[in-house]
Amino acid sequence: MIGYICKLHAGMKPITRFIFLVFLAFLSGCFPQTPSDPIDKRVDSLLQQMTLQEKIGQMTQICFSEITMGGDKNLVMDPDLFREAIVSNHVGSFLSGTGSAADWADFVYALQRVAIEETRLGIPLLIGIDHVHGANYVDEGTMLPHNITLSCSFDTDMVSMAAKVTAIETADLGMAWNFAPVLDLGKNVYWPRLYETFGEDPMVCGEMGAAFIRTYQDPVHSYPYRLAACAKHFIGYSDPKSGWDRTPAEIPDQIMYEYHMPPFRDAIEAGVLTVMVNSGEVNGVPVHVSERLLQGMLRQELGFDGVLLTDIKDIQKVYEEHHGAFSEKDATLRAIHAGIDVSMACNSYDFIEIMEELVLEGTISEARIDESVRRILRLKFKLGLFDNPYPRKDRPDRIGSEEHLEKATIMAEESIVLLKNENEILPLNNEPARILVTGFAANSKKMLNGAWTLEWLGAEEERQPANMKTLFEAIDDEFPKAQVSLFETCLDGSIDSDIDFLRTCRQNDLIILTMGEEPYSEFRGNISDLNMTGEQKHLARLAAESGTPVIYVLIQGRPRLITGIEPFADAILFAGYPGQGGACAIAGILSGRVNPSGRLSFSYPLYPGHTIPYYHKAFDRAENLYDFGHGLSYSTFEYDNLRISQDSFTNPDTNLTIHFDITNLSDMPGKEVVLGFFRQEKGHITRPVRQLFHFSKVLIDPGETIPVTLTVHPGKTFSYPNKHNEMILEKGVFTIMIGGMEVSLTYL
Ligand code: GLC
């Protein structure tokens, strides 16, 4: 055929030859596509040229540890290994590394150059990273508060600020795919990934997740690059029966639709480009092979048509760990049928071999492969990778700037929660003469930044950011006239001698006692006892015995119980993992330079056996040490004059307005978190005693009264899904609760 075409071509006049070549090009589909062509045209043009092996390679994501010299995340490339991945196996995506900005840029440049110049079609790579609290895998990156801390700000502007800082510090380094935000509900207080969530409320999770996604994917911040966020981990990951990471969950569809799905719906409405799947199993089916949850709920009901990525090695794990398949090939087939596009195979090429076998034997059609590859190529085109694939090193000042550190500090200041303030010991207006700072996080950067900081479990102290203060250093700076001393302890609370500690406590006028949890990640944080460790409680008792006033600072990923020692504290702060600006934020709150405005985004239990979220049913009762939404300020806010535009409605599509006033009775400006709850008094599917329908934060000057008006769409606000995801609005009485006031509303 080729010979015939050549003879034909030789005998042609120039103009005829040109027309003939253009015709041929169209036939072969390789008509040169240009950046101005519509993305789908460019995708189709490229897809037509791809071999089956090249297509399957695009569906494969390999860990950097598989192609680096050290077999770890360090960015020291092994040219043979990564040519084997990119050229021989056509791998289209990699993930997870750690190093300096320059090393990142050099490493990704080298990878992209091989992909673009040494492969047949030159398809650029998509590099994935977990920048979940700032550019946390870049040495110079600004380490932001983790989500559980940030969510206590109840301010989506803080989340947008975090997303912007992260985008700016990530974009130049070639990591176009960020596996963030986590949209799992933080409702199981034993779950070791609670600190990665935006708390227990679906509305807070959804609105904060959407704020992150919109900002992170906005090219204004990452110009000239574009970035993809990733809503994870779809779905039902955060409520395992045992509380242990990745263990089975039993979640009825009713609960799934009412609580776990809304944050992902909000993420998809916000335009999230990718979704990562839950590693666990729900109701006996590993989610990675659940057509019901992936094809059904995610693709059909929620309308997600972006790239669906597995979590790490999770197709293999369906067979090897969940025992939910008869072979890895069976697991692969079912994952593809369920709608997976990319396998985070990490350190194995088995996926490629199995996929080729499945297609060549006809079990999976090439058309199904094309569906996924089309989504992957569309994402790469959307991210501009074909037109601007290479990282850059000419703007290093964008990473780790003073401006970003200031923003990290503001985020922490807005998020840290003042849980207790006995006799208003805080703020420390009269600077104590002698302050003792102690506990496991007293003089540590690592403890404040938490996990996912340069290493999965958090890097050692020497690798933590240089421009960061420990709590001891920050308090020493904040109270220049005081004698601030340090009594080092470690997490297990073991100290040389109780007497020594007791004596030291007695020699001071105030004790700042840090307690909580050292960094952990995923299954490494599994616990079966929610209590604060015995050693730390022992320290608290000794501090109490000294008779010196003591302030607890809780540095932890979840609400470890302090029931027995809470009475000994004069004041208590919850900081979660507050990040690089955390110490300065805590010091500012202690001194009064910062008026605390954080509120708990989760319920803080009183007992280990009674840990239910605030949205429990009427025939239940929450017994918490501190409730969802709890948090103190140095200001006193008074709510008054709650009224509603009408006390009944017949048309659910007619907006209502709710009005009330808030007065700042104190002599210092303060920020108040406004939380609007409602309760449907009766329902054929029993209703929660409270459900959040509004949150916002307002600054109120001393003595000022501000009027607040909320607009409510009854149909959207008061309806709820049944187990078929059909929205239900039942006639009857609704009670609106704001600032300790209530008003009734009836749907006639
Ligand atoms: C981990 C986590 C996931 C992360 C991925 C890549 O196992 O479950 O959140 O994005 O692997 O690091």
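In this predicted model, the chain is divided into three parts, whose residue ranges are set out in the table.

| Domain | Residues |
|---|---|
| domain 1 | 33-49 + 58-396 |
| domain 2 | 416-626 |
| domain 3 | 637-747 |

**Where domain 2 meets domain 3**

The centres of domain 2 and domain 3, taken over C-alpha atoms, are separated by 34 Å, and the contact takes nine residues from domain 2 and 15 residues from domain 3. The size of an interface is often given as the accessible area lost when the parts come together. For domain 2 and domain 3 this buried area is about 990 Å², with 53% of it on carbon and sulfur atoms.

Which side chains meet in a salt bridge? They are those of Arg599 and Glu672, with a distance of 2.8 Å from N to O, and the count between domain 2 and domain 3 is one salt bridge. Across this interface there are also six residue pairs in polar contact, both residues being at pLDDT 80 or more. On the side of domain 2 that touches domain 3, the residues are three nonpolar, four polar and two charged.

**Cavities**

Rolling a probe the size of a water molecule over the atoms shows where empty space is left. A search of the whole structure finds five cavities of 30 Å³ or more, and the largest cavity has a volume of about 100 Å³. This largest cavity is lined by 16 residues, of which His131, Val132, His133, Asn147 and Phe212 are the closest to its centre.

How values were computed:
Residues are numbered from 1 along each chain as its sequence is written. This is a predicted model: local features need pLDDT of at least 70, side-chain atom pairs count only at pLDDT 80 or more; totals for chains, interfaces and linings use all residues. Side-chain values use heavy atoms; hydrogens and water are left out. Domain bounds come from an automatic or database domain assignment. Contact means heavy atoms within 4.5 Å. Buried area is the accessible area (1.4 Å probe) that two parts lose on being put together, summed over both. A salt bridge is a side-chain nitrogen of Lys or Arg within 4 Å of a carboxyl oxygen of Asp or Glu. A polar contact is a pair of N or O atoms within 3.5 Å; within protein, one must be able to donate a hydrogen and the other to accept it, and residues adjacent in sequence count only if both atoms are side-chain atoms. Ala, Val, Leu, Ile, Met, Phe, Trp, Tyr, Cys and Pro count as nonpolar, Asp, Glu, Lys and Arg as charged, and the others, Gly among them, as polar. On a 1 Å grid over the protein atoms alone, a cavity is a set of points where a 1.4 Å probe fits but cannot get out, and a pocket is an open set with protein on both sides within 12 Å along at least five of seven lines; lining residues have an atom within 4 Å of a point. Grid points are joined across faces, edges and corners, and a volume is the space filled by probe spheres set on the points.
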